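I opened a new notebook page for this model today.

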Amino acid sequence: MWHTILLSALAGVMGANAVPHFVKGMVGEQFPNVWGNDSLRNAVAGTLGLALAVVIGYWADLPAHALAGIGGAFAGALSMAVFHGLGGAYRLNSALGLANPPRAATAR
C-alpha cells in the first residue's frame, strides 16, 4: 500500500506543478521555470509534467488501494498548490540565481 501512496503523492505533486506551467505557456505568458521563463518552455514543461504525472499514476496501481491512492494524490497536489500559492516558484528562481518574470499584481 505504501507504494501506491508514495507514487500517488508524487503524481499529485507533478500534476499540480505542471498545471501553472502549461496554462501560462498556452496563454503566452511568462512564469518562473528553471529552464527559462518564456511561454514556450513553460508549455513544454507543463505538457511533459502532465504526461509524467499520468505515467507515475499508472505505476501507482490505484485499483489495488484506491482510497489510499486518492488521498496520496490529494496530499501531493495540495502541497504543490501551497508551494505555488506562496510564490515558491519565484523564490526558487531567486535561490538558483535565475531571473524572475514580472509577478502579476495580487488583490489584498
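**Entry 1: asparagine 42.** I looked up its accessibility first. Asparagine 42 is buried, at a relative accessible area of 0%. I keep in mind that this is a predicted model. Asparagine 42 sits in helix H2.

I then asked which residues asparagine 42 is in contact with, leaving aside neighbours within four places in sequence. I found His21, Phe22, Gly25, Phe31, Pro32, Asn33, Gly36 and Asn37.

Next I checked the polar atoms. The side chains of asparagine 42 and asparagine 33 are joined by a polar contact of 3.3 Å. A polar atom of the asparagine 42 side chain also lies 3.1 Å from the backbone oxygen of asparagine 37.

Asparagine 42 and glycine 72 are 30 residues apart along the chain, and 26 Å separates their C-alpha atoms.

**Entry 2: helix H2.** I moved on to the helix around this residue. H2 has 21 residues. From first C-alpha to last, H2 reaches 30 Å, close to the 30 Å expected at 1.5 Å a residue.

Which residues of H2 are buried? I listed Asn42, Ala43, Ala45, Gly46, Gly49, Ala53, Ile56 and Gly57. An α-helix has 3.6 residues a turn, so residues three or four places apart point the same way.

I then turned to the other side of H2. Leu40, Leu48, Val54, Tyr58 and Trp59 are exposed there. What covers the buried residues of H2 includes H1.

Aspartate 38 caps the N-terminal end of H2. One of its side-chain oxygens lies 3.3 Å from the backbone nitrogen of leucine 40. Aspartate 61 follows H2, and its phi is positive, near 55°.

**Entry 3: aromatic rings.** Phe31 had turned up among the contacts of asparagine 42, and I went back to it. How many aromatic pairs does the structure hold? I found one. Phenylalanine 31 and tyrosine 90 form that pair, with 6.1 Å centre to centre and 75° between the planes. I logged the pair as edge-to-face, because its angle is 75° and the cut-off for that class is over 60 degrees.

Where do the two partners lie? Phenylalanine 31 is in the loop between helix H1 (2–26) and helix H2 (39–59). Tyrosine 90 is in helix H4 (residues 88–95). The pair therefore ties together parts that are 59 residues apart in sequence.

Buried or exposed? I checked phenylalanine 31 and found it buried, with a relative accessible area of 10%. Tyrosine 90 also counts as buried, at 15% relative accessibility.

**Entry 4: the whole chain.** I stepped back last. The protein chain has four helices and zero strands. Its elements run α-α-α-α from the N terminus on. Along the principal axes, the C-alpha trace spans about 45 × 30 × 25 Å.

I closed with the totals. The protein chain has 108 residues, and 31% of them count as buried.

Methods
Residues numbered from 1 in each chain as written. Predicted model: local features only at pLDDT ≥ 70, side-chain atom pairs only at ≥ 80, totals over all residues. Heavy atoms only, no water. Phe/Tyr/Trp six-rings, centres within 6.5 Å; stacked < 30°, edge-to-face > 60°. Helix = DSSP H or I, 4+ residues; strand = E, 2+ residues; numbered from the N terminus. Buried < 20%, exposed > 50% of the residue type's maximum accessible area, 1.4 Å probe, protein only. Expected span 1.5 Å × (residues − 1). Contact = heavy atoms within 4.5 Å. Polar contact = N/O pair within 3.5 Å; in protein donor to acceptor, adjacent residues only side chain to side chain.
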